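Dear colleague,

I am handing over the structure below, and my notes on its charged side chains follow it.

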Amino acid sequence: MDSPRHRRRRPQRTGPLRNTGGVFRDDYDSARTRDDAASRGVREGYQVIDEQIRRGHRMAQTMCEENGYGYGYATSRERSRRPRYPEEGHREGRRGHNLLEMPMRHIECLAQEILHQIGSGRPDPLGLAELVLQLQLEAISELACLGFGALGRYPRHGHHHHGHHHHDHYHDDHYHDDHYHDDHHYGDDHDRYHDHYPYYPGDTLCDDVASVERDIDDSLDRIQEEIREREREDQPWDWPAAPSSPTTIRSTVPIPVFVSAHDRTEIGLDLPAGSQSLDLEIEPPPPEPAFEADFVTLADGPAILRIEVPRDLPAGRYRRRILVRATGEPVGDLTVQLGAVPKTRPKARKP
Amino acid sequence: MMRGEALVQSVLTEYGALTRQALRRYLPALEPRRYLYDLVADYPRRGGKMMRPCLCIATARAFGARVEEALRAAVSIELFHNSLLVHDDVHDESELRRGSPSLHVLHGVPLALNAGSTLAMLSLRPLTDYKLGFGFKVPLLLVEELERMGRESAEGQALELGWRRDNVVELCDADYFEMVLKKTCWYTTISPMRLGALIGAGDMRPEFDILIRLGFFFGTAFQIRDDVLNLIGDERYGKEIYDDLLEGKRTLMVIHLLANATAQEQERIAAFLASPREERIGEPVRWVVERMKHYGSIDYAQEIANGLAGAAFHEFSTLFDDLPDSRDKHFLAELITWVLKRDS
C-alpha cells in the first residue's frame with residue numbers, strides 16, 4: 001500500500017436531493033416534478049435507506065456498549081454526555097475509558113498504541129513488550145488509586161491523580177511515615193477497616209503496589225538495556241524469531257528434512273540412491289530417552305522426514321534404522337548428533 | 001478520455017478480464033471434480049457483465065489503490081455472487097442461466113446446492129489473503145463487510161421467498177424497496193463499493209455510509225431496470241422472457257398493478273401468483289402483462305428507476321466530488337446512466 005491515499009473532509013450535508021424525479025426526463029422541470037411517481041419513489045427510498053442506516057448504527061452502538069467499548073465515531077466528550085442506563089445497572093466505565101467516573105486517558109492511549117502495533121503487520125516486539133508493561137503499570141496504579149478511593153482514603157498528596165504520574169506518590173516516603181502507622185490516631189477507624197477490608201490504608205496494599213511497580217520498572221529497564229545493546233550491535237530483529245537452534249543436515253538422498261531441536265543438531269541420513277521413492281519408516285524408539293522421527297507423506301508432494309528432539313534429551317549421538325514399511329527390511333540409518341561433539345583429550349605420551 | 005457507454009464497456013471489459021484471471025487461482029482443481037469442483041467452476045466460466053467486481057476495483061482506484069490491491073476483493077465478490085446465482089436458480093426453478101441450462105438442471109438440486117455453498121465458502125479466501133501486506137485490521141474489516149453482505153442478502157431472499165410461499169399480495173413500494181435493498185443492493189452495489197473504498201482508504205470511514213445510500217439508489221434502479229427488461233427484453237437478455245412473473249416475483253410492476261386493478265382483476269392476479277409455475281405459462285402470464293401495460297405499471301416502474309438514479313447521482317457527487325478526476329471516477333458516474341439504458 002504505497003500509493004497516495006486520497007482523503008476528504010467530512011461532508012457538510014445540505015440534505016438529500018429528494019426531488020430527482022425528472023433528472024432523466026427530457027422535459028425536466030424541478031417545480032413540476034415535485035409530486036410525480038419518481039419523486040414520491042425517491043422520498044420513499046430515502047425513508048427506507050435512512051431507517052436501515054439508523055438501525056445499523058443502533059445495532060453497532062448496542063454491541064459496542066455490551067463489550068465495554070465506546071461506540072464508533074463519538075468523541076470522548078460526546079460519550080461522557082450520554083445518559084446512563086439505570087435499569088441495566090450500567091456503569092459509566094462500561095462505555096469506554098471511564099471506570100467509576102475516573103477517566104483513564106493514558107491507559108486508553110497505551111491500548112490504542114498496542115493495537116496499532118499489532119495491526120501493523122510487522123510489530124516491533126520489544127517495543128510492544130514495553131507498551132504492554134507500561135499498560136500493566138498504569139492499570140495497577142489506577143486500581144490502587146481506586147482502592148484508596150473505595151476505602152475513603154486518597155493518596156496523601158491530594159486528589160485523585162490520574163494518568164501515569166500519580167504512581168510517583170506511592171514511592172513518596174510520606175506514605176510510610178508514622179502518621180499512617182499511628183494506631184492511636186486511627187484507633188476506632190483501624191478496627192473498622194480491619195474488620196471489613198483485607199488491607200489497612202497505607203500499609204500492606206501500598207507495599208504490595210510499590211513492590212509490583214518496582215518489578216515492572218526493573219523489567220522495563222532490562223528491556224531498554226536490551227534495545228540499546230541491539231542497537232549498538234546493529235542486529236536486525238528477525239520477526240518472528242527462528243524457533244530452532246542451528247542444524248546441519250547431511251543426506252545421501254534428496255529427502256526434505258524438518259528438524260525441531262533446542263540445541264545445535266547434526267542430522268545424518270544414510271540411504272541408498274533411489275530409496276526415497278519407497279514407503280519408509282523409522283524403527284520404533286528404544287526404551288531410553290530418544291528423539292521422535294517419522295516420514296510424513298503429503299497429498300500432493302514428496303514424503304518429508306520430520307525429526308523432533310525433546311528438550312530433556314541429553315547431548316549425545318543417537319541412531320535409528322530406516323525400514324521399508326511393507327517388509328520391515330532395514331535400508332538405511334538416521335543419526336542425530338545433539339550438542340557439540342565432545343573433544344577427546346589426546347592421551348599424554350609416556351616419556 | 002472516453003465517455004458514455006464506450007467508457008463503461010471499456011472498463012467492464014478490462015477489469016472483468018483481470019478478475020476472471022485472478023478468480024481462476026481460487027477455483028481448486030481438486031477431487032471430487034465430477035461432483036463438486038467442476039460444478040463450482042461452471043457459473044464463473046459462463047461469463048457475465050462482471051459489474052460487481054468492476055465497481056469494487058473502480059471505487060478502490062478512485063480512492064487511490066492499485067488494481068492488484070483490489071483484485072482479491074473483486075474475486076471474493078464474484079465468487080459470492082455466483083454462489084447466490086446457483087441458489088437463486090434452485091429457489092426460482094429457473095431452467096436457464098446466461099444462455100445455458102442452470103446448474104441444478106444439469107446435475108440435480110442436491111449437488112447444485114452443495115456447489116453453491118462451496119462457492120460461498122471459497123469467497124472468504126481471497127479476503128484472508130489480504131493479511132500479506134495489509135496488516136490485520138483491513139482483512140478483518142473486509143471479512144466483517146462480507147459477513148454483513150451475506151446476512152443482508154439472506155434476509156432479502158427470505159422476504160421474497162416468504163412472500164411467495166404465503167402469497168402475500170398486500171405490499172407497497174416501500175416493502176419492495178426494503179426487499180431489494182437487502183436481497184440485491186448489498187451484494188450488487190453497496191458492498192462492492194464499500195470494500196473498494198476500504199481498500200483504497202485503508203480504513204472504514206464515517207462518510208462511507210453515503211455509499212450505502214448511493215448503492216441502494218443505484219442498485220434499486222438497476223434491479224427495476226432488470227425487472228422491466230424481463231417483460232420487454234429480447235433474446236440478448238439471457239434469461240427467459242416473463243421469467244419473473246412465472247416465478248411469482250413481487251416486482252414493482254406487480255405491486256403497482258395490484259394497487260390499481262379492479263377488485264375482480266386483483267382476485268385473478270392473486271390466484272395467478274398462488275398457482276404453480278406450470279399453470280402460469282401461456283395465456284395467464286400474457287394476460288397479466290397486458291394488464292400491466294394497460295395500467296402503466298411498466299412505465300411507472302421505469303419512472304421510479306429514473307428518480308432513484310437521480311438520487312444516486314446526488315449521493316455520488318456528495319462523496320466523490322472531492323476526489324481527483326480519474327477514469328474510474330467517470331466510469332462510476334457513467335455506470336448509473338448505463339444501467340437505466342441497458343437492454344441486456
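Arg66(B) is partly exposed, at 30% relative accessibility, where buried means under 20% relative accessible area, exposed over 50% and partly exposed in between, with a 1.4 Å probe and protein chains only. This is a predicted model, in which local features need pLDDT of at least 70 and side-chain atom pairs count only at pLDDT 80 or more, while totals for chains, interfaces and linings use all residues. Residues are numbered from 1 along each chain as its sequence is written, chains are lettered from A and ligands numbered from 1 in the order in which they are written, and side-chain values use heavy atoms, leaving out hydrogens and water.

Arg66(B) forms a salt bridge with Glu69(B) at 3.3 Å, N to O, the term standing for a side-chain nitrogen of Lys or Arg within 4 Å of a carboxyl oxygen of Asp or Glu; Glu69(B) itself is buried, at 3%. A salt bridge of 2.8 Å, N to O, links Arg97(B) and Asp89(B), of which Arg97(B) is buried at 14% and Asp89(B) is buried at 1%.

In the salt bridge between Arg165(B) and Asp166(B), the closest N and O atoms are 3.0 Å apart; Arg165(B) is exposed at 71%, whereas Asp166(B) is partly exposed at 47%. Salt bridges with shared partners also join Glu147(B), Arg148(B), Arg151(B), Glu152(B), Glu155(B) and Lys182(B) into one network. Over all chains, the count by this rule is 35 salt bridges.

Finally, Glu315(B) lies in helix H16 (residues 297-320) of chain B, helices being DSSP runs of H or I with at least four residues, numbered from the N terminus, and this Glu315(B) is buried at 0%.

Best regards

Note on methods. Helices (H or I, at least four residues) and strands (E, at least two) are DSSP runs, numbered from the N terminus.
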